[in-house]
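Please read it with the coordinates open.

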Amino acid sequence: MESLQVKDYMNLYPVTFTADMAVEEASLRFLKTKQIGGPVIDNNGQLIGFLSESDVLAKMLQTSYYAEHMADVSELMRTEVLTMKPYTSIVELAQTMLLQKPKVYPVTDDDGNLLGTISRNDVLRAIDLHIRSSFHESTWQPKENQIQR
């Protein structure tokens, strides 16, 4: 399983934000993409922060009585961001995810350029596919009550 790498399972088209983007626009991007977090990048594609749905939700709740611009992404984003490299092992990432809070990690190259994101769901999918491929289809079949319809 060590041969499974982040680059093979990451989201190549993550939702992204800029520091000067209005929180209202960020909220709309989350709603349209159904992603739970995304990298904040500069004009050169360099990672400068991370914004989560919960960051936006908290600000929107706080200012829900005002019918005006709430804040910019730069005021809400986290600037200390845990990142992964595309050559990181999926097993290593899974172990990190069990110890750390983020559900989504930006994937950057060695120069800090954003390449994509990888989520817990992506990691689960990678491990699940690996386990299933190591069993013969005739050996393992889900029970009838495990199949979602």
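1. Is arginine 125 buried, partly exposed or exposed? Arginine 125 is partly exposed, at a relative accessible area of 36%. The classes are buried for under 20% relative accessible area, exposed for over 50%, and partly exposed in between, with a 1.4 Å probe and protein chains only.

2. Provenance. This is a predicted model, in which local features need pLDDT of at least 70 and side-chain atom pairs count only at pLDDT 80 or more, while totals for chains, interfaces and linings use all residues. Residues are numbered from 1 along each chain as its sequence is written, and side-chain values use heavy atoms, with hydrogens and water left out.

3. Overall layout. The protein chain has five helices and four strands, in the order α-β-β-α-α-α-β-β-α from the N terminus. These elements are DSSP runs numbered from the N terminus (helices: H or I, at least four residues; strands: E, at least two). Of the 149 residues, 37% are buried. Among contacts (heavy atoms within 4.5 Å) with a separation of 6 or more, 56% are between residues 24 or more positions apart. The protein chain exposes about 9800 Å², and carbon and sulfur atoms supply 52% of that area; accessible areas come from the Shrake-Rupley method with a 1.4 Å probe, and for residues only the protein chains shown count as cover.

4. Strand E1 (residues 37-41) runs antiparallel to E2, and five bridges join them; strands pair if DSSP finds at least two bridges between them. Valine 40 has glycine 49 in E2 as its bridge partner. Five residues lie between the strands of this hairpin, and glycine 45 takes a positive phi near 80°. Strand E2 (residues 47-52) is largely enclosed by the rest of the structure, because five of its six residues are buried.

5. Salt bridges. The count is four, where a salt bridge is a side-chain nitrogen of Lys or Arg within 4 Å of a carboxyl oxygen of Asp or Glu. In helix H1 (residues 23-33), arginine 29 and glutamate 25 lie four residues apart, about one turn of the helix. Their closest N and O atoms are 3.3 Å apart. Arginine 29 is partly exposed at 30%, and glutamate 25 is partly exposed at 33%.

6. Aspartate 122 is buried, with a relative accessible area of 14%, whereas arginine 125 is partly exposed. Arginine 132 and aspartate 128 also form a salt bridge, at 2.8 Å between the closest N and O atoms; they are four residues apart in H5, about one helical turn. Both ends are partly exposed: arginine 132 at 37% and aspartate 128 at 33%. An α-helix has 3.6 residues a turn, so residues three or four places apart point the same way.

7. Helix H4 (residues 90-99). Ile90, Val91, Leu93, Ala94 and Met97 are buried. They lie on the same side of H4, because they cover an arc of only 160° around the axis, taken from the directions from the helix axis to the C-beta atoms. The buried residues of H4 pack against strand E3 (104-108), strand E4 (114-119) and H5. Exposed Gln95 and Leu99 sit on the face turned away from the buried side. At the start of H4, a side-chain oxygen of serine 89 comes within 3.1 Å of the backbone nitrogen of valine 91.

Terms used: A polar contact is a pair of N or O atoms within 3.5 Å; within protein, one must be able to donate a hydrogen and the other to accept it, and residues adjacent in sequence count only if both atoms are side-chain atoms.
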